[in-house]
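Take a look at the model below.

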Amino acid sequence: MERPDAAAGALILGIETSCDETAAAVVSESGEVLSSVVSSQADLHARYGGVVPEVASRRHLELVTPVIGGALERAGVGLAAIDRIAVTRGPGLVGALLVGISAAKAIAWARRLPLVPVDHLLGHVASLFLRPAAIEPPFVCLLASGGHTMLLDVRAPEAFTILGSTLDDAAGEAFDKGARLLGLGYPGGAAIDRLAKEGDPTAYRFPVARVPGLDFSFSGLKTALLYTVRDLGPDELERRRADLAASYQRAIVRALVERLEAASRGAGEAPVAVVGGVAANSELRGSLPDAALAPLAYCTDNAAMIASAARFLTALPCPSYLDLDAYASAA
Ligand code: KG4
Ligand code: ZN
């Protein structure tokens with residue numbers, strides 16, 4: 001990693017703690033990532049089959065300072081080189097968010113720096129504005145993660161309108177629940193992705209509900225897998241696991257691609273992009289040769305995308321952010 005020099009411009013320290021990743025990053029004003037440190041708590045939550053909010057908050061508390069220190073160290077800068085602090089304000093787990101927000105306030109206030117509160121979803125979109133593969137709006141964006149599945153009309157880097165969203169489970173949640181039924185552990189998206197490569201995606205026909213407009217629904221798919229697994233029994237399941245993973249993944253990817261293409265047509269053949277944890281899925285990436293895809297390192301939660309979004313947002317001057325609060329759900 002190159003060290004910054006005077007020409008690198010303003011530096012932003014990003015902090016992200018909305019779910020089960022404690023992350024910090026240093027990003028330049030021009031969108032160059034100087035460092036991005038992500039400490040995942042996935043192993044900690046795996047035994048519960050999902051994120052336990054109170055456990056997540058406590059772990060963030062332990063990790064937030066070393067992770068921020070690590071990001072500065074890897075960037076080769078001290079806090080004196082940082083011009084502003086960016087932090088995820090929501091949506092997410094409020095207790096988890098508050099850990100990042102408190103750390104951000106403390107650092108910003110101690111150095112009298114401005115602070116930029118960032119919406120997590122806008123952060124995912126801003127993973128597309130990082131160098132060296134930065135793209136520019138307008139585009140239609142599929143945001144598919146563990147918590148959200150949405151189609152966004154992005155006309156400017158700092159704002160979007162929602163064209164459609166899931167009526168029940170998020171795509172990442174569908175991957176995670178499917179993985180659990182197949183005995184693949186949590187979080188299961190990457191595990192299904194790996195196993196699917198060894199299976200036949202046409203072995204099973206899993207239905208995906210066709211809801212009107214540009215919305216999604218994945219809960220029926222999960223139930224279809226549940227019944228199939230139950231009917232197979234343990235021995236047969238063992239033999240057919242890869243086929244099930246491949247067929248299940250195919251159904252999710254088809255639903256996502258179909259809706260994204262429809263949204264693009266509706267917006268006059270607008271260019272398309274994909275962000276969020278599910279954007280790491282190899283079949284989804286392979287199915288969209290013309291799409292702008294979030295770089296693999298910045299698909300799942302990270303702080304580089306949060307700092308990236310902050311480049312386009314208004315910073316709150318010191319000390320006006322001291323009463324800043326978190327929000328749990330999308331505004
Ligand atoms: O964006 P993210 O880190 O967190 C949220 O904001 O929710 O997304 C995490 C989700 C999980 O559900 C995980 O299973 C899924 O992204 N995921 C994948 C892959 N890698 C992560 N899903 C499918 N294929 C993958 N390769
Ligand atoms: Zn996310």
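This is a predicted model: local features need pLDDT of at least 70, side-chain atom pairs count only at pLDDT 80 or more; totals for chains, interfaces and linings use all residues.

Helix α2 has several residues that are buried, meaning under 20% relative accessible area, with exposed set at over 50% and partly exposed in between (1.4 Å probe, protein chains only). They are A56, S57, H60, L63, V64, V67, I68, G70, A71, L72 and A75. Helices here are DSSP runs of H or I with at least four residues, strands are runs of E with at least two, and both are numbered from the N terminus.

Residues are numbered from 1 along each chain as its sequence is written, chains are lettered from A and ligands numbered from 1 in the order written, and side-chain values use heavy atoms, without hydrogens and water.

Now the course of α2. The helix covers residues 53–75, 23 residues in total. From first C-alpha to last, α2 reaches 30 Å, close to the expected 33 Å. That expected span is 1.5 Å times one less than the number of residues. α2 bends by about 40° at L63. The bend is the angle between axes fitted to the seven residues ending there and the seven starting there. Just after α2, G76 takes a positive phi of about 75°.

Last, the cysteines. The structure holds zero disulfides, a disulfide being a pair of cysteine sulfur atoms within 2.5 Å. C141 is in none, and the nearest cysteine sulfur, that of C299, is 11 Å away. C141 is buried, at 0% relative accessible area. C299 also counts as buried, at 0% relative accessibility.
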